[in-house]
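Here are my notes on the model you sent over. Have it open while you read, and take the points in order.

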Amino acid sequence: MRSQAIWSDNGPGMKVMTVLFGTVLSISAAAQTQMLPLQEALRAFDEQHDLAKKEMQLLELTRQHPEAGPALLALATTTPYTDTRWMSMRGMRDLHYRGCESFLRQSLADDDALVRSNAARVIGDLHLEHTRRKLLKMFATEKDPRAIEQASSALRELDFRAASVEIRAKIPNYTGQTRGCLLQALGALGTKRDVPLIAAYLDSSDPGAALVAPEALEQLAGLDFGPRLMNGGQGFPTK
């Protein structure tokens, strides 16, 4: 339906109301046309490879179909498309669907770094405690910075203190955001003997480390460095 401007003797207020009413009806009609059956929505999501559009489709799919967790899992395990596999994990996370634990565990060993990254992230977000040892094993051998960031954050979320040894070992080998994530995880999972290691990055020329080191020390040793720029955390990796 198209909105039409109706010129009326009642003045511009009535004209505006008429246009607005038509616009509301148009938006409502468009929303109704987007209410796809679950299987049709899944098919459209699977076949979309523009990541921004694919993410919007997933958002609509999970909003319109809160029961879609098992269907997303089935799609993720059968699709030939890697982007569908890792983005479906996000949908299952948003739906709090814990039946994907076995799939996520297997995905930690996937050849694709984005699949491993998103699997690690969702394991942490869903607090899948029984998968944390598998997650640590993946983290210990992981080389891709994106997967290291998400796995270290997930280990922190799971409060898996046994991971501190592997986290400590990786810190000197990475820079920037990746090192910042590792320092943040060590601040949460380490011990007082890690204070000197973290403190060494307070005046680092590496901005990723220097930004996070005060927060890590505050958490680990109870030190107060006063107000500072907030660290916004890491979003899902997409590239």
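1. Start with α11 (residues 176-189) and α13 (residues 207-221): their axes come within 8 Å and cross at roughly 5°. That crossing makes α11 roughly parallel to α13. Angles under 35 degrees get that label, over 145 is roughly antiparallel, 65 to 115 roughly perpendicular, and the rest oblique. The axes are lines fitted to C-alpha atoms, for helices over the stretch in contact, with angles running from 0 to 180 degrees between N-to-C directions. Helices (H or I, at least four residues) and strands (E, at least two) are DSSP runs, numbered from the N terminus.

2. Who touches whom here? From α11, the residues include Gly176, Gly180, Leu183 and Gly187, and they meet a set in α13 that includes Gly208, Ala209, Val212 and Ala216. Contact means heavy atoms within 4.5 Å. By class, this α11 and α13 contact has seven nonpolar, seven polar and two charged residues. Ala, Val, Leu, Ile, Met, Phe, Trp, Tyr, Cys and Pro count as nonpolar, Asp, Glu, Lys and Arg as charged, and the others, Gly among them, as polar.

3. A word on what you're looking at: this is a predicted model, where local features need pLDDT of at least 70, side-chain atom pairs count only at pLDDT 80 or more, and totals for chains, interfaces and linings use all residues. Residues are numbered from 1 along each chain as its sequence is written, and side-chain values use heavy atoms, leaving out hydrogens and water.

4. Now α5 (residues 82-94) and α7 (residues 113-125), whose axes come within 9 Å and cross at roughly 10°. These two helices are therefore roughly parallel to each other. Among the residues that meet are Arg85, Trp86, Met89 and Arg93 in α5, and Leu114, Val115, Val122 and Asp125 in α7. The contact of α5 with α7 divides into six nonpolar, two polar and five charged residues.

5. Stepping back, how many helices and strands does the protein have? The count is 13 helices and zero strands. Of its 239 residues, 44% count as buried; buried means under 20% relative accessible area, exposed over 50%, and partly exposed in between (1.4 Å probe, protein chains only). Take contacts between residues at least 6 apart in sequence: 63% of them join residues at least 24 apart.

6. If you're wondering about cysteines, a search of the whole structure finds zero disulfides, a disulfide being a pair of cysteine sulfur atoms within 2.5 Å. Cys100 counts as buried at 1% relative accessibility, and Cys181 is buried too, at 3%.

7. Ala71 sits in α4 (residues 69-78) and is buried, with a relative accessible area of 17%. Leaving aside neighbours within four places in sequence, Ala71 is in contact with Leu38 and Leu42. Glu101 belongs to α6 (residues 101-107) and is buried at 16% relative accessible area. With neighbours within four places again set aside, Glu101 is in contact with Leu128, His130 and Thr131.

8. Finally, the backbone in two loops. His96, in the loop between α5 and α6, has phi near 55°, a positive value in a residue other than glycine. His96 counts as exposed, at 63% relative accessibility. Asp159 also has phi near 55°, again positive and not a glycine. Asp159 lies in the loop between α9 (145-157) and α10 (164-170) and is partly exposed, with a relative accessible area of 42%.
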